[in-house]
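This briefing covers selected features of the structure shown below.

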Amino acid sequence: MKYWMSISLILLLVTPALAEEIALHGFVQGNYAARITGEELPGPEGGDFILGEERLQLKLAASSQGAGFFLKTDFFRDAIARTTDTDLREAYLDYGTGALDLRIGRQVVTWGVGDLLFINDIFPKDYAAFFSGRPLEYLKIGSDAIKADLFADFISAELVVIPFFEPDNLPTPGRFFLFDPFSDIPRATEEPRAEFENTELALRLYRNLMGFDTAVYAYKGFFRTPGMRLDDLISPAQVTLFFPRLNVYGMSAQGNALGGVVSLETGYDDSLNDRSGHDPVVPNSMVKYLAGYQRQIWTDFTAGFQYYGEYLLDYGSYRDTLPAGFPAQDRLRQLLTARLTQLFHYQTLRLSFFAFYSPTDQDYYFIPEARYSFTDALWGAVGANLFGGEKETTFFGQLDKNDNLYVTMRYEF
Amino acid sequence: MVLLVLFMLLLPVNASAITGEEVIKKSQAAFFEAGNDFQARVKMTLATRDGLQRLRDLTMLRKNYPAGEQKYFMYFHGPADVAGMTFMVYKYPNRDDDRWLFIPAINLVNRIAAQDSRSSFVGSDFTYEDVSGRDLTADAHALLREEPFNDRKVYVVESKPIGPAEYTRKLSWIDQVSFLPLKEEYYDVQESLYKIFTAEEIKDVQGFATILKRTMTNVKSGHKTETVFERVQYNAGIGDDLFSERYLRRPPEKWIK
């Protein structure tokens, strides 16, 4: 509370005096989601509501003569956990000179050409937020990083140095039904320590080639989704979540073709801690690829489709070392996605539908949504996250009991 | 010699026998291509029949390139849910534009599909083509008549789309001096008038006649959009590098004010 007051005080003092130079924007938002499957989890956060929050976001920005700063902070009440908290979404300093741009601080970086499919975007994500109906921007988490951009006619380069590891935020067993064979066993998380040798490096080289935006990528760091290690395979007493080393090499291209926008991306995940594929708790190396196509079918209606695949390398040793009774992943996991968007009433009403469907996992995830702008400042959205599948061990199949309906209302200023 | 004199006598008559297509071509040059480059703060007010208003506030930068190509860079100041977004278009004659949108909330640059140029521009009554021009050969143009219009002499040109479009016929009243459109009427399949463009304020800016205030009214729904151009500048010296991913992500303050 003290924090809130001091922030408001600073704003009150600072804003009028520097109104010309500093821009203040933000929003107030209510965001609620309820499980509609009738299933409830034990525990204080396992009721029908999986999201209930009120949120204030403040954005402060200023820039002059190539230098600038940006600050985006959320203050929110989580009504399900009964907590009030702050979230520093982004806070960075900018400096640009000649062909070099520098950005230092907590920042969101988004790479690649996939629509909700990530191959070379190895930056942290918040799937728990996304699955419970929070707006898309909350899928991305900031990285505490130094980013340098070098621009040249022939090729441009972007280098991101991340000394502080940030894992993905995954749905927790307290609020979500998940496949977890060791849910009763105490667990500890071992994150990579902030050390020089653990500093993550991400490089993107890009240029326009024959009308296509093309890029190559390289990443040295860690899986952001943890592996699970047991102290004893037969009767485990302790589960340790850890983040194995990962290098990723990939490329992408996007441009106008076939009467629409065509996107292509591929990547090779090099699982450094398990190159032979013999360690069942470390993901194997794999090749990922996607092809996407998007076009306007008629006025204010856009359709986009993607085909995505993950090809597991060293599949034989994966199967040989997988403990008995564990669900096996397919050698090739495939996903199809569709996004349909129709705008009405001078683009104030947006109906959209996003679908994931995996023919190999036989599972799906559908997101229908209606969003209406009441005024320039106020919009509201109603939507649903619908999961399902043949098995409760697949990525979307395990979320089957978490189908939820969400409501968002936001006033922006 | 006699022939030559005769020819010279006939010349003025021939000169005024301009075709509909020539009028539209000159009109597009005056309306969408004036200067080497162009900069303006654009304020669009969208109003429903009931008087509910929405505002679109953006900076528009345009630069002309050889062979009729153009590049556009737009930065949105408001409303709040799109503030900070930038939109870039590479416009080519007779083929699909390249369009990119930068979404600051997730720091994402993405290509936007651009097949339908008759789509509404940012939810207004103006289409993309009303903002950046329509291919000359997309319509068959016919000069119907010349007449006075608000004390100006105008050409009245009828344009009929060759391919599919939401209008079947457009009438344009084009000033004979500046070649700017003073009024346009759009007719639908039922031959009924549904949309009217009017130019309310025209001023000379650095020697270029410029429409500073224009309105598109949907006469059927009563919805209308009034667009005001402020701080218009031609030949401002916009560099080629502005139209790049670098500035899409980090728009230079010098240009977007």
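In chain A, three strands make up an open sheet of 3 strands in the order β8-β12-β11, and the pairing is mixed. Its edge strands are β8 (187-190) and β11 (227-230) of chain A, each of which pairs on one side only. Ignoring direction, neighbouring strands of this sheet are turned by 25° against each other on average. The model is predicted.

- β8(A) and strand β12 (residues 239-242) of chain A run parallel and are joined by 4 bridges.
- A:E190 has A:F242 in β12(A) as its bridge partner.
- Strands of a sheet pair through backbone hydrogen bonds, in either a parallel or an antiparallel sense.

- β4(B) pairs with β3(B) in the antiparallel sense, over 6 bridges.
- One bridge of this pair links B:Y72 to its partner B:V89 in β4(B).
- β4(B) is also joined to strand β5 (residues 95-103) of chain B by 6 bridges, and these two strands run antiparallel.
- Here B:M88 has B:W100 in β5(B) as its bridge partner.
- β4(B) and β5(B) form a hairpin with 2 residues between them, and B:N94 in the turn has a positive phi of about 65°.
- How many of the 7 residues of β4(B) are buried? The count is 5 of the 7, so the strand is largely enclosed by the rest of the structure.

- Most residues other than glycine have a negative phi, and most peptide bonds are trans.
- The peptide bond between B:G78 and B:P79 is cis, with omega about 5°.
- B:P79 is located in the loop between β3 (70-78) and β4 (86-92) of chain B.
- A:M210 is not a glycine, yet its phi is positive, at about 50°.
- The loop between β9 (200-209) and β10 (212-222) of chain A holds A:M210.
- Is A:M210 buried or exposed? A:M210 has 7 other C-beta atoms within 10 Å and is therefore exposed, the cut-off for exposed being 12 or fewer.
- B:R231, also not a glycine, has a positive phi of about 45°.
- B:R231 is placed in strand β13 (residues 224-234) of chain B.
- B:R231 counts as exposed because it has 11 C-beta neighbours inside 10 Å.

**The interface between chains A and B**

- 32 residues of chain A are in contact with 26 residues of chain B.
- On the side of chain A that touches chain B, the elements giving two or more residues are β2 (49-64), β13 (245-257), β14 (260-271) and β15 (286-298) of chain A.
- β15(A) gives the largest share of that side, 4 residues.
- By residue class, the side of chain A that touches chain B divides into 10 nonpolar, 14 polar and 8 charged residues.

**Chain A as a whole**

- Chain A has 3 helices and 21 strands.
- Its radius of gyration is 22 Å, close to the 22 Å that the globule rule gives for 413 residues, so chain A is as compact as a globular protein of that length.
- The C-alpha trace of chain A spans about 65 × 55 × 50 Å along its principal axes.
- Of the 413 residues of chain A, 31% count as buried.
- Among the contacts in chain A with a separation of 6 or more, 57% are between residues 24 or more positions apart.

Key: Residues numbered from 1 in each chain as written. Chains lettered and ligands numbered in written order. Predicted model: local features only at pLDDT ≥ 70, side-chain atom pairs only at ≥ 80, totals over all residues. Buried ≥ 20, exposed ≤ 12 C-beta atoms within 10 Å, placed from the backbone. Pairing = 2+ DSSP bridges. Axes fitted to C-alpha atoms, helices over the stretch in contact; angles between N-to-C directions. Contact = placed C-beta atoms within 7 Å. Nonpolar A, V, L, I, M, F, W, Y, C, P; charged D, E, K, R; others polar. Rg over C-alpha atoms; globule rule 2.2 N^0.38 Å.
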